[in-house]
Amino acid sequence: MIKTPIRPWLALAACSLMLSGCSDDPAPGDQGSLQPISEKYPITWRFALEEIEGSVQHQYAEAFRSHIEDISDGLIEVDVFPYGSLGTSTQLTELARNGSVNLAFASPGHLADTVPESGIFNLHFLMPEQPEAARQLLEDPELISQFQQPYQQTGLHLLGFIPEGWMTWTANQPLRSPDDFQGLRIRTMTSNMAAEAYRAYGAEPVQTPYSQVYSDLQLRKIDGQTNPVFAIEEMDFHEVQTTLTMARASYFVASIVSNQQWYNDLPDRERTWLNDAVRDLAGFAWESQETLNQQRLESMVEAGGIQVVLLDDEERERFRQASLPVRDKYLEQTGETGMALLKFVDEWTQP
Ligand code: 6CS
């Protein structure tokens with residue numbers, strides 16, 4: 001069955017109309033106005049997702065919606081826009097930057113062309129292997145604060161990082177060593193740093209939006225792709241690939257961002273509700289991605305459509321060695337800020 005790809009440009013046009021026609025809500029920046037409180041509320045915050053319904057980001061956004069409604073006593077409502085309703089990841093970042101949406105997910109795999117420092121999460125063999133350590137690193141306020149200025153320079157405020165699980169590799173063959181990547185057309189997210197990580201293995205990366213991956217695999221325009229398990233299952237990539245290789249080389253990290261000006265202009269109590277909600281949901285984010293990744297791996301294996309290959313330490317070490325020069329490319333693009341971030345994460349990982 002040929003799937004109809006999501007057509008983000010059509011959806012985006014529709015949404016621009018929808019956004020301009022749905023402004024019972026004050027425009028971003030108007031929310032500190034002198035309107036009587038009873039007229040001003042309820043306010044709706046728009047939250048754009050890079051993933052479809054049922055995904056890690058969607059589960060998070062639904063929990064966020066419910067939590068913020070609770071802590072604000074119904075004064076804040078949240079409109080969640082799953083992937084496909086507004087545009088590609090890069091377009092969502094633009095919508096957050098220009099204030100058309102208030103909140104969005106922005107994955108460094110796409111965002112690194114806009115915020116080069118965020119490309120650190122595209123480096124392989126960087127994150128701590130132990131889940132608890134990875135979690136603590138991503139929640140470390142010092143890490144968030146080091147990223148704040150690079151995000152702000154582009155008009156975004158970084159609210160936090162959300163883990164989505166280990167990236168896995170799918171192809172029509174096992175990928176046990178860099179030799180297996182020679183000439184492999186692997187789809188990566190759209191930033192150059194995301195592609196560099198696979199160029200270092202000898203692959204020919206193809207940088208495309210998420211919505212295009214299924215049909216490109218089906219039509220054999222690409223040979224493989226990389227994503228966490230939950231995403232492979234929900235986007236049906238396992239239908240058009242034979243083998244899933246687990247190398248534990250990199251971790252999928254998404255950032256939650258808001259429009260910087262909107263964030264600055266929020267009345268204090270609304271800003272507090274927002275920050276509290278992100279902090280309160282950190283545990284939920286961690287647990288929901290673990291559960292979703294585990295359940296979907298089991299269901300794909302049970303269905304029998306895809307073979308799972310786990311790399312051993314020796315195999316992983318060959319990839320680690322091949323991945324190291326990519327750190328220099330990251331530093332070329334990020335200078336001293338990137339150097340400080342890399343040092344921070346390295347010290348965290350190998351104290
Ligand atoms: O591969 C991608 O482009 C996407 N993958 C996931 C799991 N989330 C968002 C991102 O855009």
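Buried means under 20% relative accessible area, exposed means over 50%, and partly exposed lies in between, using a 1.4 Å probe and protein chains only.

A word on the ground rules. This is a predicted model, so local features need pLDDT of at least 70 and side-chain atom pairs count only at pLDDT 80 or more, while totals for chains, interfaces and linings use all residues. Residues are numbered from 1 along each chain as its sequence is written, and side-chain values use heavy atoms, with hydrogens and water left out.

**Salt bridges**

A salt bridge here is a side-chain nitrogen of Lys or Arg within 4 Å of a carboxyl oxygen of Asp or Glu. The whole structure holds 20 salt bridges. The table shows some of them, including Lys40 with Glu270.

| Pair | Closest N and O atoms |
|---|---|
| Lys40 and Glu270 | 3.5 Å |
| Asp179 and Arg318 | 3.9 Å |

Helices are DSSP runs (H or I, at least four residues), numbered from the N terminus. Lys40 sits in helix H2 (residues 37-40) and Glu270 in helix H13 (residues 268-280), so this pair links distant parts of the chain, 230 residues apart. Lys40 is buried, with a relative accessible area of 9%, and Glu270 is buried too, at 0%.

Asp179 in helix H8 (residues 178-181) and Arg318 in helix H15 also link distant parts of the chain, 139 residues apart. Arg318 counts as partly exposed, with 45% relative accessibility.

Asp313 and Arg316, by contrast, both lie in helix H15, three residues apart, which is about one turn of the helix. These two residues also belong to a network of salt bridges with Glu129 and Arg248.

**Where H15 meets H16**

Two packed helices are described by the angle between their axes and the distance between the axes. Axes are lines fitted to C-alpha atoms, for helices over the stretch in contact, and angles run from 0 to 180 degrees between N-to-C directions. Helix H15 (residues 313-323) and helix H16 (residues 325-349) pack at an angle of about 35°, their axes being 5 Å apart.

Which residues of H15 and H16 meet? Gln321, Ala322 and Ser323 in H15 meet Pro325, Val326 and Arg327 in H16, where contact means heavy atoms within 4.5 Å. By class, this contact has three nonpolar, two polar and one charged residues. Ala, Val, Leu, Ile, Met, Phe, Trp, Tyr, Cys and Pro count as nonpolar, Asp, Glu, Lys and Arg as charged, and the others, Gly among them, as polar.

Definitions and conventions:
Helix = DSSP H or I, 4+ residues; strand = E, 2+ residues; numbered from the N terminus.
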